[in-house]
Amino acid sequence: MKSAPTLYRSLPRYDNQRPSAVTIGNFDGVHRGHQAILSRVHQLAQERALAGTVMTFEPHPRTYFARRGQRPELIPTQISSLRDKVTALADQRMDQVVLQRFDQSLADMSADAFIEQLLVQGLNTRWLLVGEDFRYGHKRSGDIELLRRAGLRFGFDVETIADVVDEHGHRISSSELRTALAVGNLSRAEHLLGRRYRLSGHVVHGQKLGRTIGYPTLNICVPAQCALRSGVYVVRVAGLAANPISGVASLGVRPTISHGGRLMLEVHLLEGPVDAYGKLACVDFLEYLRDEEKFPDLPTMIAAIDNDAQSARDYFATHGL
């Protein structure tokens, strides 16, 4: 059984001087390109008895600069929540995950200070894997050559990795994955991820309107900038019972019944309600059905939900759970 990685929200580490094999990036989605990087880190860490380590940033640097510049349209959508990202990193057998806060002091940090404070003093880095175009430090002034020189000085090796491509020669990247999710192309997303697209969250209390119209739902909070297209989906839900449960879900702001504008995932279980409040539900998205709509009245909305539920049953009748 794999163990959860040790999480650090600041460096240097408070409890560990173990030398590290490190990679740096945002790792949003932990797609097949990321998995290739993490596999190499794990392999090297095992060979050299190092701690396999991911340094990632919270928030995403592009999000930080977009907010600072009051340009919300430049904020990248979020493929996975922090919880889902750390879970996926654990699946890739990482020993340590550094959730480095990206703030003004980090944005202003020189490239030399980035290396010395975070990599050398912070993680006792002995081996580093980064992309060929990796940049770091104030105004992205640091490059691979500076890393190699620092490695000679401080005693760590630097390895670079080219873009990871699929069997058709297409680059596997977070931007490609965001594009697929933005249009509800779940088969493309699955190809890039190597698994179904998943969102997880604790089930919270909602308005309980669903139970009054015959469609009780589980309400799950998702990232406000969620990369997945709003709409109605066929889903499979794990974490609520011994086996996964079939369902139909709506991702959106509930325009017919709510004016709050908060993005929510509402899941109706086809096999009937379960005691789910407070539990962590893991929702796999299987097929896109339709866009979110604002209906003129409740009867029209209920008729559409009837149709959605039947479409989901048809899907499971054909494909199984």
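Let's start with aromatics. Ring pairs link Phe57, Tyr64, Phe65 and Phe102 into a cluster. Keep in mind that this is a predicted model. In total, the structure holds 11 aromatic pairs.

A pair of rings is described by two things, the distance of the centres and the angle of the planes.

Take Tyr197 and Phe285. Their ring centres are 5.8 Å apart, and the planes sit at 40°, so this pair is tilted. Tilted is what remains between the cut-offs, because under 30 degrees would count as stacked and over 60 as edge-to-face. Where do Tyr197 and Phe285 lie? Tyr197 is in strand E7 and Phe285 is in strand E12, so the pair ties together parts that are 88 residues apart in sequence. Buried or exposed, these two, Tyr197 and Phe285? Both are buried.

Next, Tyr233 and Tyr288. Here the centres are 5.3 Å apart and the planes are at 65°, so the pair is edge-to-face. Tyr233 belongs to strand E9, residues 231-238, and Tyr288 to strand E12, so parts 55 residues apart in sequence are tied together. How do the accessible areas look? Tyr233 has a relative accessible area of 0%, so Tyr233 is buried. Tyr288 has 22%, so Tyr288 is partly exposed. The cut-off for buried is under 20%.

On to the strands. E7 covers residues 197-204, and E12 covers residues 280-290. How many bridges join E7 to E12? Six, and the two strands run antiparallel. For a specific contact, go to Gly201: the bridge partner of Gly201 in E12 is Ala281.

E7 has another partner. Two bridges join E7 to strand E8, residues 218-221, again antiparallel. In E8, Ile220 is the bridge partner of Val203.

The largest pocket holds about 1,300 Å³ of space. It is lined by 41 residues, and the closest to its centre are Ile24, Gly25, Asn26, Asp133 and Phe134.

Terms used:
Residues are numbered from 1 along each chain as its sequence is written. This is a predicted model: local features need pLDDT of at least 70, side-chain atom pairs count only at pLDDT 80 or more; totals for chains, interfaces and linings use all residues. Side-chain values use heavy atoms; hydrogens and water are left out. On a 1 Å grid over the protein atoms alone, a cavity is a set of points where a 1.4 Å probe fits but cannot get out, and a pocket is an open set with protein on both sides within 12 Å along at least five of seven lines; lining residues have an atom within 4 Å of a point. Grid points are joined across faces, edges and corners, and a volume is the space filled by probe spheres set on the points. Two strands pair if DSSP finds at least two bridges between them. Helices (H or I, at least four residues) and strands (E, at least two) are DSSP runs, numbered from the N terminus. Rings of Phe, Tyr and Trp (its six-membered ring) pair if their centres lie within 6.5 Å; planes under 30 degrees apart count as stacked, over 60 as edge-to-face and the rest as tilted. Buried means under 20% relative accessible area, exposed over 50%, partly exposed in between (1.4 Å probe, protein chains only).
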